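Let's take a walk through this one, pocket by pocket, and then stop at a few side chains along the way.

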Amino acid sequence: MTCVTSLPRRNVTSARKGPGHILCLSQRFVNENVPAANNSLLMKNKYFHISSVLLFVLLIGVIITAVLCFVFIIKPVEVNNFVGFAEENPYPDGLDWLRRLLIYPGLIFSLAAIVVFVKSATGNKASVPDKIMNYFLLLLVFCIGWVCLPYWANGLYYVFASGTSSLYDPKSLLPYTDISVIWSILVLAFHLFAYFLILIPIIIATLDIRKNGFDKKYLYAVSVYLLIFVSFYFAPHYMYWFLD
């Protein structure tokens, strides 16, 4: 007995450790760290992917440019018989420089949005909800920057808000006079992807929800998509003008 009691305390404690004690420590480690890992994963899913942030920035850029259109362009382009080719109908109001300053940032932002979306869609780092939201952000950026800004920069809102007119041929206005069919082809492509092929991301989102559960980023995506219709509310009779 004297020999046992004279042992240092740390040796007695060590002697009492066995398989049960090791199992207890292992369970404690799991309980302390696994929830932390799960919380970390939830926090990671909570935030937007970097591609979504970039698209938000581009969206802010085109919205600011759109607001500037309504600030600086307070009437439609002055015309006499503004039909036909641009060289036959130069801008008589001398504001072509201002219209270019308003139109081309939107065109550049729209092309940049395509690049960001393609990189996120083809990569593995963005989740399915991120990619779906990026698709709708791309549509909204392109709707404002590529499709509607030329309409607003040419002052056509003040014409078509009260009716229709055939005086304003799109082929005689910016940006068609600079980049020709490149602009009009991509306008048609937007309508294809925004209204006819919209079922593709909806189907993908539905399958992801059934597999992984609902992500509130889908609510953000729907909200972004509805803003497309708000944009066209301020571009009345757009297709009537575009197809003229």
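Start with the second largest pocket: sorted by class, its lining has 11 nonpolar residues, one polar and no charged ones. Here Ala, Val, Leu, Ile, Met, Phe, Trp, Tyr, Cys and Pro count as nonpolar, Asp, Glu, Lys and Arg as charged, and the others, Gly among them, as polar. Before going further, bear in mind that this is a predicted model, where local features need pLDDT of at least 70 and side-chain atom pairs count only at pLDDT 80 or more, while totals for chains, interfaces and linings use all residues. Residues are numbered from 1 along each chain as its sequence is written, and side-chain values use heavy atoms, with hydrogens and water left out.

Back to that second largest pocket, which holds about 240 Å³ of space. A pocket is an open set of points on a 1 Å grid over the protein atoms alone, where a 1.4 Å probe fits, with protein on both sides within 12 Å along at least five of seven lines; lining residues have an atom within 4 Å of a point. The volume is the space filled by probe spheres set on the points, which are joined across faces, edges and corners. Helix α4 (50-72) gives the most to this lining, five residues, and α6 and α11 (217-233) each supply at least two. Helices are DSSP runs (H or I, at least four residues), numbered from the N terminus. Among the lining residues are Phe70, Trp152, Ser231 and Phe234.

Now for the largest pocket, at about 360 Å³. Of its 18 lining residues, Phe117, Tyr135, Leu138, Leu139 and Phe193 are the closest to its centre. Two or more lining residues come from each of α5 (96-122), α6 (128-153), α9 (181-196) and α10 (199-212). The largest share, six residues, belongs to α6. By class, this lining has 17 nonpolar residues, no polar ones and one charged.

Leaving aside residues up to four places away in sequence, threonine 65 touches Leu102, Pro105, Phe109 and Leu149, where contact means heavy atoms within 4.5 Å.

What about disulfides, meaning pairs of cysteine sulfur atoms within 2.5 Å? The structure holds zero of them. The sulfur of cysteine 143 has its closest cysteine sulfur in cysteine 148, but they are 4.1 Å apart, so that is too far for a bond. Cysteine 143 is buried at 0% relative accessible area, and cysteine 148 is buried at 0% too.

Terms used: A disulfide is a pair of cysteine sulfur atoms within 2.5 Å. Buried means under 20% relative accessible area, exposed over 50%, partly exposed in between (1.4 Å probe, protein chains only).
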